[in-house]
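Q: Before we look at the model together, could you show me how to read its features, one at a time?
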Amino acid sequence: MALTTDDVRHIARLARVGLNEADVERYAAQLTVILDHFDALSRVPTEGLEPTAQPLPLFNVMRADEVAPSLPQKVALENAPEVEDGYFRVRAVLE
Amino acid sequence: MSDLWRLTGHEAHEGLRRREFTAVELTESVLTRVLEVEPQVHAYITVTADVALEQAREADAKYASGTATPLAGIPVAVKDLIVTKGVRTTAGSRILENFVPPYDSHVYEQLRRAGAVMVGKANMDEFAMGSSTEHSAFGPTSNPWDISLVPGGSSGGSAAAVAAGEALVALGSDTGGSIRQPAAFCGVVGLDPTYGRVSRFGIVAFGSSLDQVGPIGRDVEDVAVMLDCIAGHDPRDATSNPEPKPDFRNYLARGIEGMRIGVPKEYFVEGMEPGVRARIDESLRILEQDLGCTVDRELSLPSTEHALAVYYIIAPSEASANLARYDGVKYGFSDRTGNSMWQNMEDTRQGGFGVEVKRRIMLGTYALSAGYYDAYYVKAQKVRTLINREFQAAFERYDLIVTPTAPTVAFPIGAKLDDPYAMYLNDIYTIPASVAGLPAISVPCGESEGLPVGVQFIGNFWQEGKLLQAAYAFETAVGWANRVAEVGGSG
């Protein structure tokens with residue numbers, strides 16, 4: 001199926017990825033080609049097959065609920081673009 | 001003494017043990033080689049000369065006190081998505097250009113414990129998304145055998161460093177072929193372990209149900225030594241195998257007479273270069289006639305043709321979720337020119353991610369979005385089940401499956417950049433084992449057009465020992481192992 005430029009803008013919005021108009025045009029064309037190649041999957045019979053989320057026969061790997069040291073606040077904030085009073089600082093969330 | 005960089009890791013360990021040279025001398029030799037060829041090869045994003053020399057001095061102390069294990073003092077290239085405390089880790093992305101991790105990954109802890117020497121952080125396709133290392137935000141790596149060609153990817157820097165003598169061994173990561181395909185293009189050995197064999201703690205995540213760290217070396221023995229170092233249980237990764245790991249080096253010299261090898265006919269289709277095909281046919285003859293294996297070319301894995309689509313739905317879907325963390329808030333590149341948080345986030349991701357990463361985030365977001373989730377993501381997961389079953393049925397009849405690693409030899413830089421689907425087809429032979437979580441190794445099997453060709457051995461779950469056993473016997477019979485690319489340097 002063909003992805004329209006509006007589809008691409010919608011997906012970019014969901015993914016919070018800014019795109020310029022040239023990107024939108026290019027991704028619409030390229031993603032259409034890629035998705036066309038994936039269409040063959042729809043013809044594979046898969047009735048009764050469980051989906052595989054990961055290849056190992058693992059279920060609910062539990063560990064003991066024990067308190068352990070984590071990164072100190074100062075260290076956790078060392079790579080932050082902006083910090084204020086021990087918090088990550090961002091611009092206004094509500095527009 | 002000046003050519004110590006030509007040694008394999010196990011040869012260097014012997015020399016160090018016999019006190020023929022020191023770890024500092026070995027490291028200096030490799031660092032000199034890096035200075036000499038790095039302008040042409042660009043295998044590294046960051047060269048860590050000071051760290052390397054300090055670690056070499058520590059290794060020399062281990063040799064002096066008789067406590068050195070096989071990797072002590074051995075110069076290693078570490079793919080730049082393996083986090084290293086205090087050493088910038090970029091994952092090949094502008095968005096992590098200045099990220100200095102506050103902790104070590106499990107595999108780097110293991111290397112440190114073994115006394116290995118980190119030469120630098122190896123170049124890679126951004127977030128491991130690519131098959132040529134051209135999608136690095138820090139510029140492409142060249143193939144040491146011909147610098148106009150790509151080294152493969154995404155672990156192209158790791159493979160090129162080993163091939164060019166800029167490290168003796170390396171760590172890469174493999175999601176759909178990212179260790180094996182560059183190993184094939186660069187004429188080195190690369191192993192993608194069973195999913196769960198090596199802890200993913202501290203590995204920048206791409207596709208979490210597929211990612212595995214694995215070794216690259218100039219011969220099979222070095223790959224076994226590296227796997228012995230990094231494998232084993234780590235409670236910080238819930239998918240890490242709690243069973244004790246075997247001693248992988250023990251498998252090497254056992255011979256493989258009587259081993260049953262299946263060759264899936266679905267892999268011998270359009271797209272494989274004749275020169276690659278000739279090398280694979282020759283490899284199968286060696287396995288059968290020289291090494292006494294039974295080779296059955298009638299194995300059928302009918303769902304093979306769907307593996308590429310399954311992979312390119314599942315991996316981007318997982319990536320789109322994993323890469324949501326790069327929001328310009330907590331660490332990494334942040335564009336704060338706009339006046340709202342949401343605008344900052346979109347601008348940060350627009351400027352911080354490269355073209356292929358954005359393409360895969362878009363693809364994955366689409367496959368997971370309302371109305372398409374069942375048709376793409378769940379459907380791909382069900383076909384994944386089918387692919388797994390076919391492999392499991394095959395391993396009831398065969399010990400190993402043998403295929404080419406890649407359909408072509410290394411191609412020119414720039415040749416496939418404008419055609420993403422053509423680039424994806426590079427991984428057509430490596431993706432099925434990744435989708436099924438199986439271990440697989442690429443071993444050099446000769447040349448086509450003067451460039452290295454790799455053959456791939458795929459094993460059942462946890463059968464890395466058998467893979468290494470076969471790869472070692474094969475490597476010995478072929479006689480191509482342990483070649484260093486001169487790169488117009490000291491010939």
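Q: Where is the place of S154(B)?
A: In this predicted model, S154(B) sits in the loop between β3 and α5 of chain B.

Q: What is the peptide bond from G153(B) to S154(B), cis or trans?
A: As a general idea, most residues other than glycine have a negative phi, and most peptide bonds are trans. The bond that runs from G153(B) to S154(B) is cis, with an omega near 10°.

Q: What is phi of F127(B), and where is the place of this residue?
A: F127(B), a residue other than glycine, has a positive phi near 55°, and its place is in the loop between β3 and α5 of chain B.

Q: Is F127(B) buried or exposed?
A: A residue is counted as buried if 20 or more other C-beta atoms lie within 10 Å of its own. F127(B) has 31 other C-beta atoms within 10 Å, and therefore it is buried.

Q: Where does W462(B) lie, and what is its phi?
A: W462(B) lies in the loop between β11 and α15 (464-478) of chain B, and its phi is positive, about 65°, although W462(B) is not a glycine. With 17 other C-beta atoms within 10 Å, W462(B) is partly exposed.

Q: Where does A324(B) lie, and how many C-beta neighbours inside 10 Å does it have?
A: A324(B) belongs to the loop between α9 and α10 (341-352) of chain B, and because it has 13 C-beta neighbours inside 10 Å, A324(B) counts as partly exposed. The C-alpha atoms of A324(B) and R349(B) are separated by 9.4 Å, while the two residues are 25 residues apart along the chain.

Q: Which residues of α2(B) are buried, and what covers them?
A: The buried residues of α2(B) include A23(B), L26(B), V30(B), L31(B), V34(B), V37(B) and V41(B), and also T27(B), E28(B), S29(B) and R33(B). Among the elements of chain B that cover them are the helices α1 (9-17), α3 (49-65) and α5 (156-164), together with the strands β1 (44-47), β2 (75-79) and β3 (117-122).

Q: Why is strand β9 of chain B largely enclosed by the rest of the structure?
A: Strand β9 (residues 400-404) of chain B is largely enclosed by the rest of the structure because 5 of its 5 residues are buried.

Q: Which strands pair with β9(B), and in what sense?
A: Strand β7 (residues 260-264) of chain B pairs with β9(B) in the parallel sense over 2 bridges, and here G262(B) stands opposite I401(B). Strand β11 (residues 451-458) of chain B pairs with β9(B) in the antiparallel sense over 4 bridges, and here F457(B) is the bridge partner of V402(B).

Q: Which residues touch the most other members of the largest nonpolar core?
A: In soluble globular proteins, nonpolar side chains tend to be buried together. The largest nonpolar core has 174 residues, of which V76(B) and A471(B) touch the most other members. Helix α9 (residues 304-322) of chain B gives the most to this core, with 10 residues. Leaving aside neighbours within four places in sequence, A471(B) is in contact with V189(B), V220(B), I441(B), V443(B) and F457(B).

Definitions and conventions. Residues numbered from 1 in each chain as written. Chains lettered and ligands numbered in written order. Predicted model: local features only at pLDDT ≥ 70, side-chain atom pairs only at ≥ 80, totals over all residues. Buried ≥ 20, exposed ≤ 12 C-beta atoms within 10 Å, placed from the backbone. Contact = placed C-beta atoms within 7 Å. Pairing = 2+ DSSP bridges. Core = buried A, V, L, I, M, F, W, Y, C linked by C-beta atoms within 7 Å.
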